[in-house]
Amino acid sequence: MSDDAIDVREVTKTYTLGEVRVEALRGVSFTIARGEYVAIMGPSGSGKSTLMNVLGCLDRPTTGRYRLDGTDVSTLDDDALAAIRLRKLGFVFQGFNLLARTSALKNVALPLFYAGLSSRARNARAAERLREVGLGDRLDHKPSELSGGQQQRVAIARALVNDPAVLLADEPTGNLDSQTSEEIMALFRDLHATGRTIIMVTHDEDVASHAERIIRVRDGRIVADEALAQG
Amino acid sequence: MWQYLLEALSVLAANRVRSLLTVLGLVIGVTAVIAIQVLGAGMAGAVNGILGGVSDRTFVVFPNVQQTDFTRAAIRLADLERAKDAVPNVIEAIPAGGQSLRGAWGHVDRRVLIGAGADERFATGSPLRFGRKLNADDIGLQRNVCVLSDVAYDKFHMSGDPTGTSLHIGERRYLIVGVLGKSTTGIIPININADVTIPYTTYERFYTRGRPIIAARFLLDDRTKVAQTEADALAWLREIKGSRVEYQTFDRKTISQAIDGIFAGVTLVVALIGAVSLLVAGIGILNIMLVSVAERTREIGLRKAIGATRTQVLLQFFIEALALSAFGCLVGLVLGVGIGASVNHFAIVKLSGVVAPIPWLRSIVIATGFATVVTLAFGTYPAWRAATLDPIEALRYE
């Protein structure tokens, strides 16, 4: 069992918004093996964002158990969760979330700063990751000097710089045109081919079709969990 | 910690305009306070330079003007002759003050102030322009010699070296043995020296007969016991004049204490201005830091998402505030010292001729104090706000 990257058991999440109790997740269980490439799909309000936050250790489940890379993270405190995010997770966001007025290299090196690496070691690893995503010649460019696709590549390099157990992507192509989206999907496929575990939240069937498995969420429950034939 | 400082500096450098606006208030506040400090030191230096002209081996005693029996309190020549035996540490007591008399040099005729002078050991610190000051032989032999002040030199329209020529005061002729240079009293219009100083023995012989002595000048052996000797002198005067007489003493320390009192008042006002500017600058920093935290909400969310702990975010923003404050205070320090020293140079030093050292230590302490207080008081809250942001909310922030 500990071989799974992600092991979620009967996870619920309930918010209280003023007087109203919102049951965002109503008992979700699944496992994702190492090296899997999974898309999580669902309409807005389905609970897929909440599920993403729980998987990303940004939020704790109300009940249930969540093991990430063999560690039970369901009851950890904020600082311990931060440490887990630092060492085991890499995030890719729809809006890229790069630091403006900061070079691609420094953006990618940012997680390593919190890991306590020296400036020299940070820059060396960041440069290596940027070369892997095809931006070896853009190290000193600022986000404003890069195209949307290039910015997302920088964000992916940043997500990978600490060698995470799981790469979490939240609508990674939401802000990109279709051709650029294809390039990013191709990059994800390459990463998957090298053995990365990738979880991608999307509402776009075309994008989801690049994954090898789709988990469909609706009203806080998993309504379908299907494997896709890879072409 | 070093890494955090570098990170903070790179963030601040990447947002130059915002950073500069943030510290502007602090720069102005620190500049003002330090400039006034440097100016104050210049003023104090100028005053001390002036007081340097007053010998610290003498003090003056004079009867209070408002007392029931002024005649009884008046000091007489006979009293002065007894003083050096009666009061410990007193070498000599001589008439202080002087008389305004007509003097003539060649065919120039002017009214001049004649004063009694002691030998060099008790003379003022005024520089010599020509000749020499009075010496022990002049005093001992009651010589008819005189030393002119720079004012007298001008009054008689002298040019070149007048020593060796004679000055007529009334019927008497005095050999000019020296001329004093300009004393460093430019900024405050007082003249420490009489126009014409003659040996006090000569003065007593010719000018005190039958006249009341307004004040007495005591010449001391040990300059470190001025206060004690003053007390002894007053006790002795009461002993011979009766207990109801009232006197005042006047020495270099009395003057500097009076001036110190004025400076203490000025310093208090400056401290208040400093406190107000500190508050204003601090609120400016608080405001811009809060705006900065709000503006960087997504950045903070991202930093937390990629694994920054609360403490790390707190530390980062706190060090940013600290770096800003330190930078602002450093610039304020340099500007303040620069402005203060320039004003000193062009105004005070030109007038007084006294160059006071810049109070670096005090300035640095003030600037450091400002930086610390501003950071602690106004940088902590924004940093705490940043640290406690919920990463999910922060990432969603538009």
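Me: How many bridges join E1(B) to E10(B)?
Reply: The two are joined by 4 bridges and run antiparallel. Strands here are DSSP runs of E with at least two residues, and helices are runs of H or I with at least four, numbered from the N terminus. Two strands pair if DSSP finds at least two bridges between them.

Me: Before going on, what kind of model is this?
Reply: It is a predicted model; local features need pLDDT of at least 70, side-chain atom pairs count only at pLDDT 80 or more, and totals for chains, interfaces and linings use all residues. Residues are numbered from 1 along each chain as its sequence is written, while chains are lettered from A and ligands numbered from 1 in the order in which they are written.

Me: Back to the strands. What is the bridge partner of B:Phe59 in E10(B)?
Reply: B:Phe59 has B:Phe218 as its bridge partner.

Me: Which strands make up the sheet?
Reply: It is an open sheet of 4 strands in chain B, in the order E2-E10-E1-E11, with antiparallel pairing. The edges are E2 (90–96) and E11 (247–250), each pairing on one side only. On average, neighbouring strands are turned by 25 degrees against each other, direction ignored. The axes behind that angle are lines fitted to C-alpha atoms, for helices over the stretch in contact, and angles run from 0 to 180 degrees between N-to-C directions.

Me: How many bridges join E2(B) to E10(B)?
Reply: There are 6, and the strands run antiparallel. One partner pair there is B:Glu92 with B:Leu219.

Me: And what about E1(B) and E11(B)?
Reply: E1 (residues 58–63) pairs with E11(B) over 4 bridges, in the antiparallel sense. There, B:Phe62 has B:Gln248 as its partner.

Me: Is E10(B) mostly covered or exposed?
Reply: Mostly covered: E10 (residues 215–220) has 5 of its 6 residues buried. Buried means 20 or more other C-beta atoms within 10 Å of a residue's own; exposed means 12 or fewer, and partly exposed is in between, with C-beta atoms placed from the backbone.

Me: New topic. How many residues does each chain bring to the contact?
Reply: Chain B gives 19 residues and chain A gives 20. Two residues are in contact if their C-beta atoms, placed from the backbone, lie within 7 Å. On the side of chain B, H10(B) supplies the largest share, 5 residues. That side divides into 9 nonpolar, 5 polar and 5 charged residues. Nonpolar covers Ala, Val, Leu, Ile, Met, Phe, Trp, Tyr, Cys and Pro; charged covers Asp, Glu, Lys and Arg; the others, Gly among them, are polar.

Me: What ipTM does the predictor give the complex?
Reply: The ipTM is 0.92, and the pTM is 0.68.

Me: What pLDDT does chain B average?
Reply: Chain B averages 82, and 92% of the residues score at least 70. The pLDDT is the predictor's confidence in each residue, from 0 to 100. Over residues 185–191 of chain B, the pLDDT is below 50. Where pLDDT is low, the predicted coordinates should not be read in detail.

Me: Now chain A. How many helices and strands?
Reply: Chain A has 7 helices and 10 strands. Of its 231 residues, 48% count as buried.

Me: What is the phi of A:Glu10?
Reply: A:Glu10 has a positive phi of about 50 degrees, although it is not a glycine. Most residues other than glycine have a negative phi. A:Glu10 lies in strand E1 (residues 4–17) of chain A. It counts as partly exposed because it has 13 C-beta neighbours inside 10 Å.
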